[in-house]
Amino acid sequence: MDLNLIWFLLVGVLIIGYAILDGFDLGVGMIHLFTKDEDEKRVNLNAIGPVWDGNEVWLLTGGGALFAAFPIVYATVFSGFYLAFVLLLTALIFRAVSFEFRKYSEEKNKKYWDFAFGVGSLLPALLYGVAIGNVLKGLPIDSKGAYLGTFFGLLNPYAIIVGLLSLTMFLMHGAIYLTLKSEGKQKEKMIKTASNAWIAFIVLYLLATLMTFFFGHYLFASVFGNPIFWVLLVLLFVSIVYIPIGLKTGKTGYAFTASSLTIASMILLMALSLFPRLVPSSFDLNYSLTIYNASSTPRTLFSMLIIALIGVPIVIGYTIWIYRIFRGKVVMSKDSYD
Amino acid sequence: MDAVLLARIQFAMTIGFHFLFPPLSIGLGWMIYLSEFFGRKNKDYKIIGYFFGKVLGLIFAVGVATGIVMEFQFGTNWSEYSKFVGDIFGAPLAAEGVFAFFLESTFLGLYIFGRNKVSPGVHRFSSLMVAVGATISAFWIIVANSWQQTPAGFIIQNNRAELTDFWAAVFNPSTLVRFFHTVDAALISGAFLWAGIAAYMILKNKQVEIAKVALKFAVIFGLIASLLQVYPFGHEHGRQLARTQPEKFAAIMGLYYTQTAAPVDIFAFPTDRPPELKLRIGIPGLLSWLALGDANAPLKGINEFPRENIPPLFLTFVSYHNMVILGMYFILILAISAFKIYKKTLWESKKLLKILFWSIPLPLAACQLGWIAAEVGRQPWIVYHLMRTKDAVSVSVGAGEILFSIFLFGAIYILLFSVLIVLLKKKVNKGFDLLSEEVI
């Protein structure tokens with residue numbers, strides 16, 4: 001296994017970590033947008049209050065790791081998606097301040113921060129999918145690796161479908177998370193939201209897969225002969241099917257695990273079909289940015305690997321510890337967001 | 001307007017605004033930990049730590065929000081730079097996430113929300129981890145920035161800087177001095193916020209006995225930090241600069257011609273073309289002595305460097321010297337306050353309490369000025385002697401797009417700042433929360 005492959009996997013791990021952890025935060029935020037009841041709003045906020053910030057660090061670390069391991073991809077994609085990124089950052093800025101600002105605001109102003117939290121979650125959930133859809137169908141990259149696309153070029157039907165797919169996925173994930181954190185009527189509602197989002201997710205997933213045959217046919221070129229593909233597909237299938245069963249039988253903890261595995265296996269399947277490309281070129285696949293032509297030197301990849309091997313287990317260790325401390329239903333205290 | 005200038009304006013704006021918050025997080029972080037530590041025996045400190053923990057929560061949120069932009073901005077606005085330095089520059093950013101930001105964010109959640117869920121010892125430990133995380137965060141960011149100032153541990157190959165020695169790049173010639181200088185500035189910033197809020201409460205006759213404890217603590221903490229800033233931290237940074245970036249040193253010190261017995265200027269007004277200091281009052285020989293240990297030693301002037309390698313003269317000189325003046329002011333005001341605490345007369349001195357309150361933003365201004373001197377002084381290079389700023393911007397991003405984002409981020413930052421001030425004021429006016437027994 002070479003260092004480039006290891007870093008392909010490690011960046012994947014960071015993206016999966018982000019999608020699973022901040023994914024439910026985004027879902028809770030979208031649900032918050034449509035929550036009317038004040039008590040339920042408080043549960044939403046405090047369900048993720050102590051942990052959302054740590055969850056978002058997965059994104060920042062992922063960005064840093066991408067910069068360090070595959071700088072050409074970081075530079076090309078981020079500058080290419082300029083306006084989309086500005087939009088994403090705007091949303092993330094508002095979401096980041098909304099918790100504290102809402103807490104200390106006058107009662108009549110709280111609704112603005114509710115809105116900031118909601119839209120600040122909804123937009124990223126949509127935009128991540130739009131970005132991935134565009135990458136999957138290939139970006140207009142020329143033989144010198146220069147990006148030649150426009151902002152409106154990013155808003156194509158395929159990318160929008162993938163965007164809606166990621167939106168429903170996070171919505172479902174967030175609703176399942178809230179079933180773990182809420183009680184009574186709110187929990188019932190969340191089971192319903194999760195089940196509805198599950199249906200939308202299935203429909204969009206099938207549609208997106210069908211469209212991928214047309215827009216990203218190359219993605220299927222080498223996967224069918226690969227046993228890992230079939231393992232992941234089975235894992236994806238089993239976890240998706242289990243979600244409504246877990247919700248119906250009251251095993252919401254398992255349902256949450258299943259929805260986490262759904263996210264993980266989806267991302268891994270995508271990575272497998274892209275491999276060894278990171279950003280395919282829509283002009284000619286030979287112009288694509290790959291884990292070999294867009295990477296840092298072996299020395300940097302090795303140094304970074306040492307950093308990851310020391311740092312990441314520690315992070316995972318105390319993250320699990322903190323989640324255990326805050327496990328269970330939301331209990332209000334004087335320190336809670338109200 | 002051209003895209004390079006706009007990209008620079010955007011970077012200056014976003015980093016300048018962001019850089020108001022990390023210094024406060026670092027300073028407050030350590031002071032909160034110390035309060036929790038003293039709080040084992042003294043309930044007042046417990047109450048003070050609890051209060052400033054909430055203040056930190058607010059400030060940290062804006063710091064996070066504005067920090068997200070920084071993580072991605074190198075790619076969005078400076079893609080040629082990112083390609084050139086990615087082999088070296090990305091690693092400290094990733095290390096910051098792994099070693100620092102996770103720690104700070106995760107434990108701040110535990111500190112703020114976990115008071116009743118863990119033992120007092122673990123809770124105190126969480127405040128320590130917040131401070132440690134914030135400080136390690138500063139370390140890795142300064143590693144990255146110092147590499148731009150004094151690059152080391154690399155070779156230029158394949159049209160980019162490639163890493164040859166990880167530790168040489170991390171501990172490049174300016175990393176450690178700049179780290180200590182910056183973290184100490186953060187401690188001073190925290191101390192002035194703390195002291196200013198406590199002074200305000202005394203002035204408003206709110207929970208005066210607790211506010212006195214808080215003020216005493218902040219004055220002593222801030223005085224020690226301010227003295228250390230002059231010697232050794234500021235002094236060592238100056239000496240390093242003279243050694244490693246002579247043209248930047250010459251620009252910020254106003255050395256426009258090579259001279260022996262170079263003076264430290266108390267006052268001067270720099271003009272361009274020809275470079276000259278008007279209305280100059282200085283102490284002869286002091287700069288030569290500080291930089292090289294010999295009052296008669298010669299220091300290289302701007303005239304010895306090629307014109308195209310010279311940083312802007314006015315901005316660097318003015319921002320550096322104002323920073324130094326502020327530094328002297330901090331020592332003066334804190335020394336007087338400390339003396340009056342010793343004499344037990346500070347509480348009656350309305351004037352001094354008011355000065356302390358209105359001094360809250362001044363250390364942050366000093367941070368900004370120092371940062372301007374550091375970054376403008378590095379121009380015209382984005383990486384000193386390796387890559388020019390004008391060659392570093394994204395080729396696929398147009399001036400219009402950058403202008404749009406400047407207006408958008410500018411508007412958002414003004415909004416966030418106004419709301420933050422209003423909410424902080426409200427929080428301060430509510431005063432300390434006299435903790436009931438069950439939360440202690």
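Q: What percentage of the 440 residues in chain B is buried?

A: A residue is called buried if 20 or more other C-beta atoms, placed from the backbone, lie within 10 Å of its own. In chain B, buried residues make up 53% of the 440. This is a predicted model, in which local features need pLDDT of at least 70, side-chain atom pairs count only at pLDDT 80 or more, and totals for chains, interfaces and linings use all residues. Residues are numbered from 1 along each chain as its sequence is written, while chains are lettered from A and ligands numbered from 1 in the order in which they are written.

Q: What is the mean pLDDT of chain B?

A: pLDDT is the predictor's confidence in each residue, from 0 to 100. For chain B the mean is 93, and 99% of its residues reach 70 or more. The complex receives an ipTM of 0.91 and a pTM of 0.94 from the predictor.

Q: Why does the radius of gyration of chain B agree with a compact globule?

A: The radius is taken over C-alpha atoms, and the globule rule is 2.2 Å times the number of residues to the power 0.38. Chain B has 23 Å, which agrees because a compact globule of 440 residues would have a radius near 22 Å. Its C-alpha trace spans about 65 × 50 × 40 Å along the principal axes.

Q: How many helices and strands does chain B have?

A: Helices (H or I, at least four residues) and strands (E, at least two) are DSSP runs, numbered from the N terminus. Chain B has 14 helices and eight strands.

Terms used. A residue is buried if 20 or more other C-beta atoms lie within 10 Å of its own, exposed if 12 or fewer, and partly exposed in between; C-beta atoms are placed from the backbone.
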